Amino acid sequence: MNKITLLSIVLILGCSSCKTKKAAIVDRLTIVKNYYNALNTSNDTVLPGLLTDSLMTKESAYNYEQTFSLKEYIEWMKWDAVFDPTYKILQIEQEHEIVKAKISKIDTRIFFLHEEPIVSNQIIRFENNKITSVETTKYVVFDDATFVKNRDTFLNWIDKNHPELTGFIHDQTVSGGLKYLKAITLYKNKK
């Protein structure tokens with residue numbers, strides 16, 4: 001085999017490898033965009049194609065970690081949907097095997113407690129081109145004092161005036177979400 005033929009083969013293989021790597025980058029960015037779109041539209045039929053059989057969520061600032069089965073995560077998404085969420089990807093990039101994203105989220109519950117969207121930096125990890133974990137590494141916009149003050153005032157009022165609703169804050173099911181919305185409505189309409 002002459003040098004020109006060998007060099008041509010090496011270049012062709014090298015270019016093929018570049019296209020494969022570029023496709024992986026696009027695929028992972030697309031997977032993440034589809035994931036947030038599924039949360040935004042509450043489309044639980046798309047999630048099995050985007051997530052592994054379990055999803056680990058982590059909040060570094062609060063040393064909090066939870067692993068959901070796919071079924072549990074879909075139930076959580078249905079709870080989240082009760083509040084009519086709007087997720088926006090403000091920034092997104094792939095860095096080696098992970099995707100980094102800056103995400104804005106607002107919904108009825110967040111607006112009531114936080115009074116503005118929560119913005120966070122997240123790292124999304126993959127296994128076999130499916131999302132295996134979503135880690136919130138930093139809250140860019142989160143007023144903890146406002147959130148806690150509003151939540152505590154709200155819960156104290158509910159406990160005193162509507163004890164039948166107590167406990168909804170930890171019930172991340174559709175019925176828990178509906179109780180949460182009912183409690184927000186009662187609190188807003190108090191006289």
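How many residues does helix α3 have, and how far does it reach from its first C-alpha to its last?

Modeller: Helix α3 covers residues 70-81, so to speak a run of 12 residues, and spans 16 Å from its first C-alpha to its last. That is close to the 16 Å expected at 1.5 Å a residue, where the expected span is 1.5 Å times one less than the number of residues. Helices here are DSSP runs of H or I with at least four residues, strands are runs of E with at least two, and both are numbered from the N terminus.

Before going on, some housekeeping. The model is predicted, with pLDDT of at least 70 needed for local features and 80 or more for side-chain atom pairs, while totals for chains, interfaces and linings use all residues. Numbering starts from 1 along each chain as its sequence is written, and side-chain values use heavy atoms, with hydrogens and water left out.

Back to α3: L70, Y73, I74, W76, M77, W79 and D80 are buried there. Buried means under 20% relative accessible area, exposed means over 50%, and partly exposed is in between (1.4 Å probe, protein chains only). Of the 191 residues, 35% are buried.

Along with Y35, Y36, I124, I131 and F154, Y73 is among the residues with the most contacts inside the largest nonpolar core, which has 41 residues. Helix α1 (residues 3-41) gives the most to this core, with seven residues. A nonpolar core here is a set of buried Ala, Val, Leu, Ile, Met, Phe, Trp, Tyr and Cys residues joined through side-chain atoms within 4.5 Å. In soluble globular proteins, nonpolar side chains tend to be buried together. Take Y36 from that list: leaving aside neighbours within four places in sequence, Y36 is in contact (heavy atoms within 4.5 Å) with Y87, I89, I103, Q122, I124 and V134. Across the protein, 52% of the contacts between residues at least 6 apart in sequence join residues at least 24 apart.

Now step off α3 towards β3 (86-95). The loop between them holds D84, which has a positive phi of about 55 degrees although it isn't a glycine. D84 is exposed, at 58% relative accessible area. H96, in the loop between β3 and β4 (98-106), has a positive phi too, near 60 degrees, and isn't a glycine either. With 68% relative accessibility, H96 counts as exposed. Over in strand β4, S104 is buried, with a relative accessible area of 10%. S104 and Y87 are 17 residues apart in sequence but 5.7 Å apart in space, C-alpha to C-alpha. Not counting residues up to four places away, S104 touches T86, Y87, K88, L90, P117, I118 and V119.

The structure holds 18 aromatic pairs. Rings of Phe, Tyr and Trp (its six-membered ring) pair if their centres lie within 6.5 Å, and planes under 30 degrees apart count as stacked, over 60 as edge-to-face and the rest as tilted. Y62 and Y139 have ring centres 6.0 Å apart and planes at 65 degrees, so they go down as edge-to-face. This pair links distant parts of the chain, 77 residues apart: Y62 is in the loop between β1 (51-59) and β2 (64-69), and Y139 is in strand β6 (residues 130-141). Y62 is partly exposed at 42%, and Y139 is partly exposed at 23%. F112 and F154 also pair edge-to-face, because their centres are 4.8 Å apart and their planes are at 80 degrees. With F112 in helix α4 (residues 108-114) and F154 in helix α5 (residues 144-161), the pair ties together parts that are 42 residues apart in sequence. Both F112 and F154 are buried.

N150, also found in helix α5, is buried at 14%. Beyond four places in sequence, N150 is in contact with F112, L113 and E115. Lastly, the charged end of R109 sits over the ring of F83, 5.8 Å from its centre; that label needs NZ of Lys or CZ of Arg within 6 Å of the ring centre and within 35 degrees of the ring normal.
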